[in-house]
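Hi,

Here is the structure I promised to pass on. Have a look at it first, and my notes follow below.

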Amino acid sequence: MRTENAPVIRLEDYEPSPFLIDRVDLDVRLHPTATRVTAALALRPNPHGRAEAPLVLDGDEVNLKGLSLDGQPLPAEAFVASPKGLTIARPPQQPFTLTIETEINPTANTKLMGLYRSNGNYCTQCEADGFRRITYFLDRPDVLAVYTTRIEADRDEAPVLLGNGNPVEAGIIEGTNRHYAVWHDPHPKPSYLFALVGGKLGKVGKSFTTMSGRNVDLGVYVEPGKEDRADYALDALERSMRWDERVFGREYDLDVFNIVAVSDFNMGAMENKGLNIFNDKYVLASSETATDTDYANIEAIIAHEYFHNWSGNRVTCRDWFQLCLKEGLTVFRDQEFSSDERSRAVHRISEVKVLRSRQFSEDAGPLAHPVRPTQYSEINNFYTATVYEKGAEVIRMLKTIIGDADFRRGMDLYFDRCDGTAATVEDFLGAFAEVTGRDLSHFSRWYAQSGTPRVTVKGDYDPKAQTYTLSFKQETPSTPGQNQKSPMVIPVALGLVAEDGKPIDAACNRVDENGVFIFEKGEDSLTFTNVTSRPVPSLFRGFSAPVKISFDLPDSDLLSLLRHDSDAFNRWQATQSLAMRILVRLSKGETVGQEEFDNLARALRAFVESDGEKDPAFAALVLSLPSESDIAQELASNIDPDAIHTARLTLRQRIGQECAAPLQGLLQSLATSGRYSPDAKSAGRRALRNVALGVIADADKALGEKLAREQFNAATNMTDQLASLSVLATIPGQAREDALAAFETQYKDEPLVLDKWFTLQAMIPESETLERVKMLMGHKAFSLSNPNRVRALVGSFSMLNQSQFNRADGAGYDLLADVVLRVDELNPQLSARLLTAFSAWRMMENTRRARAQNTLLRIRQKPDLSRDASDIVQRTLD
Ligand code: TRP
Ligand code: ZN
C-alpha cells in the first residue's frame, strides 16, 4: 500500500519562479538505450521572484553525467542530484550558464512521456511535465526560453531529424555513420512545447503563402509507404491556416510547420511549436481504412493543434490551473472551424452530444471540478471534458453575451497584449471587460463553480391580456468540495413559435436583438406582449448555455417544435426529449401507453418523409436515440443497465416498424455512386443510410442481416463496411462470425482498422462479450503497451458497453481492474484514463454498487500504484 500521500498543489500558492531561463542550447545524441543530452541553460535570478532562493530543477528518471557552471565543473558539495531533481543551494545572483549532461533510455520509456520510441522512431511528449524526463529543468509553463536544438543520430536508424522552429544547419559527422541537424526556435516558449523527432519517415508537403506573403513549408511525416494517407491531413492543415487568418486575423510565424504521426501516443495530438506530434489515428486516412467520422476528427484535431500556435503557444499559461485558457479556447476555435467547413447545425448537435455524455457526467460525479481547478495532485488527470468542452462552452457564452464584433475585438486585444507571455484567465477576461466596458466578474463564476446548473422553466399564456410569461429558476447541485452555489450568468437564446408554425411577432424588452435573454439571478421572469395565440417556446436555441433544462412542455408542443422551429438544434432536441421521457419510464419498469410510442414513431416517420432527403446528416441525428449512458445519467440513481438496454431496444423496435418503409426508400435514393469523397454532404448521405440500416434491422432482424451482408460484401469504403459490420455484430449467429473473420483477414496488417474491429466486438451487448474481450486480449495484434489498442478493446468495453461492463456478477469490473493494474506498471496516464470508467459506480443499484466499490478498494491496495491511478481511485471512492 502507498504510504506517502502525493502532495497537493494549490492555485492560491502560486509564486513566480526564483530563476528564469533565457536560452536553452540542447545537444541530443540519440541512442536506443543511452541517449546523451547536454543542456546549456542561460539562467538569471527572476526580478519578480523570491531573492536568494536555491535553484531547484525538476527531474524524472534522468541520470546526471556532468554538471558545470560557467564552464567550470561544479564540485560535489555545491549540489544535490537524484533522478527526481537537482538542487544548487547557493547559485550565483547574476546571470550564469549551467551545463547539464544527462543520460536517458528512450527504449525503456513505456510511459510515453519525455523521449521515447514508437515503431523504432524517436519522439518526445513534454506536456505537462515530460521535459524533466529529458534533462533537469525549471519545468513549469511560466519559464519561457529560446531553444536551439542539435540532434545527432545514426544515419540508418534516424535519417529524418526534426525539431522546433526553423532548420539552420545539417550535416554528416565525418568518419562515422552519424549525422546531425540543428533547429532554432526564435519564439520564447515553455518546456512543455519542446519536441524532437528522429526516425525513418515518409513525407508529404506543400508550400503555403501567409496573408502577409511569407512562405511556409508544410510537411506531414508518416510511416514510409503511407504517404498517400497523409494528403487529407495536409489539406486540413492548409484550410486551418487560411481560416485562422480570415476569422481571427492570426498568421503563422515560422518558415516551416511540421506534423509527425506516431503509433504510440497517450492522447490525440500535441501542439509543440512548429512540430506537432500526432497519434497516427488522427493523421492517416484513406477511403478504405478511415470512416467519415475519422476524417472529421482528423480535420478537427489538425485544426486544434494548429490553432494552439496562437492560443497556447504565443500566449501560454502561467500555471497548469490556467489550462482552460489554452484548451477551452482552442476547442472553441476548432469547433468554429468545423462548423464553417461543414454544417453548423449538425456540428453543434454533435458537440452537445459529446458535452452531455462526457462533461455532464463528469460534473455530476466524483471527479467533478471547476473549469479552472483550484488544486490537483496529478495534473495529467485534469485534461478533462470539463477543461476542454465546458471550457469551450464558456467562451461560446461570452461571445453570445457580448456579440460577434466585440468578441473579435476582445480576442485581438488579448492576443496583442499577452503575446509572448504566460497568462491567466483574468488576463483573458480583462481584455473583454476592457473592449466592452462590462464587468465580467459575475460571468467569471463559470470558471470557478463546478456542477451543471439546472434551469427550471414555467410558461403561462394569458389569452385575454395577450401576454406570455416565462419564469426561470436556476440551481447548481453540490459537487466535491463545493456545497454552496451561487447563480450563474446564463444566456438564454429563445423564440416563440405558433402552434401552426408561423413565427410570432411578440415583444419583450429584456430579449436583445439576437433573441438572447441574460438570466443571472436565482429566479427571474419575462413577459411577452402582443401574443395573439398560445405560443410554443423554443428555449436555449443552439444550446446557448451548458445547463440542464426542466420544462414540462406537453408532448404535442415538442412535436410542433420538431415540425416548425427555425432552430435546428431545438428540432433535434424535441425528439430527444420525447424519446427520453419514454425511455426513462420504461427503464424504471413503468408502463408506457401505446399512444405515446405511436406519437413519437409517427412523428419520426413524417420527419423522415419530409426531411430525409433534404438534410440527411441532420436526419441521421434525429433518428438516433439517446445512448444508454445518457439514459443512466437522466435516471441518476438505482441504475439497472440491463433494464436500460431493454428499454432502448423496445423503443428502437417500435420506431423501426414505423419507419422501415420510408427508410428502405432512402437506402436506394441516397446511394452514392462514383468515387468516395469525405466531404460533409456525401458523409451525411452515408450517415443516414447507415442509420437507416440499423433501424431496419431493429424492426426485422432477418431483413437487417440480409441488407447488412449485402452492404458488407459490396462496400468500397470503410464507412459503409464498418456500419454494416456493426449491424451484423448485434445479430448472433454464423453470419456475424463470418463477417468478423473476413474483416480480420482483410485488415490483418492495418492496426488502426483492427482497432475498429476490437471496439465493435467489445461493444456487443451480450454476456458472451466478456469472454470475447478476454480472448481478444490474447490476439497477436493486441498489446498493453499501445494506448490505441488498449482503448479500442478495454476502453470501449468499459465506457461504451454499459450492460456488460456493469454486469451484476462484477466480472466486467474485475476485467477492467486486472487490465488497469497491469497497464499501470507501464503507462500510468493510460491506467488513470481507464479508471474513469468507474466514476458512475455510486449511481448503480445496490449489487453492482457494492461490487464496483470492492473492485476499487482492491485496486487501491496495490503496492506502488502510480500517482495518476491513485488520484483517480481516491477521488472516485471519496
Ligand atoms: N495539449 C494537447 C492538446 O490538447 C494534449 C495533451 C496534453 C497531450 N497532455 C498530453 C497529448 C500528453 C499527449 C500526451 O492539444
Ligand atoms: Zn489542445
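Let me start with one pair: Val 492 stands opposite Phe 517 in strand 29. Val 492 belongs to strand 27 (residues 490-493), where Val 492 and Ile 490 point one way, Pro 491 and Ala 493 point the other way, and all are buried. Strand 27 pairs with strand 29 (residues 516-519) in the antiparallel sense, over four bridges.

Some ground rules before the rest. This is a predicted model, in which local features need pLDDT of at least 70 and side-chain atom pairs count only at pLDDT 80 or more, while totals for chains, interfaces and linings use all residues. Residues are numbered from 1 along each chain as its sequence is written, chains are lettered from A and ligands numbered from 1 in the order in which they are written, and side-chain values use heavy atoms, with hydrogens and water left out.

As for terms, helices (H or I, at least four residues) and strands (E, at least two) are DSSP runs numbered from the N terminus. Two strands pair if DSSP finds at least two bridges between them. Buried means under 20% relative accessible area, exposed over 50%, and partly exposed in between (1.4 Å probe, protein chains only).

The zinc site

The zinc ion (ligand 2) is coordinated by His 304 (NE2), His 308 (NE2) and Glu 327 (OE), at 1.9 to 2.1 Å. Donors here are N, O and S atoms within 2.8 Å of the metal (3.2 Å for Na, K and Ca), and water is not among the atoms, so sites may look incomplete. The donor residues are spaced H-x3-H-x18-E in sequence. His 304 is buried, at a relative accessible area of 7%, and His 308 is buried too, at 0%.

Five strands form an open sheet in the order 17-18-19-21-20, with mixed pairing. Its edge strands, each pairing on one side only, are strand 17 (202-209) and strand 20 (269-270). Strand 19 (residues 256-262) and strand 21 (residues 275-279) pair in the parallel sense over five bridges, and Val 260 stands opposite Ile 277 in strand 21.

Leu 218 sits in strand 18 (residues 215-222) and is buried, at 1% relative accessibility. Contact means heavy atoms within 4.5 Å; setting aside residues up to four places away in sequence, Leu 218 touches several residues, among them Gly 205, Leu 234, Met 241 and Phe 257. Leu 218 and Gly 205 are 13 residues apart in sequence, yet 5.3 Å apart in space, C-alpha to C-alpha.

Arg 372

Where is Arg 372? It lies in the loop between helix 4 (344-363) and strand 23 (375-376). Arg 372 is buried, with a relative accessible area of 14%. Its side chain makes a polar contact of 3.0 Å with that of Gln 322 and one of 2.7 Å with that of Glu 426. A polar contact is a pair of N or O atoms within 3.5 Å; within protein, one must be able to donate a hydrogen and the other to accept it, and residues adjacent in sequence count only if both atoms are side-chain atoms.

Helix 17

Why is helix 17 largely enclosed by the rest of the structure? Because 11 of its 12 residues are buried. The cover over those buried residues includes helix 2 (292-307), helix 15 (680-699) and helix 18 (734-746). At the N-terminal end, Asn 717 caps helix 17, with a side-chain oxygen 3.1 Å from the backbone nitrogen of Thr 719.

Happy browsing!
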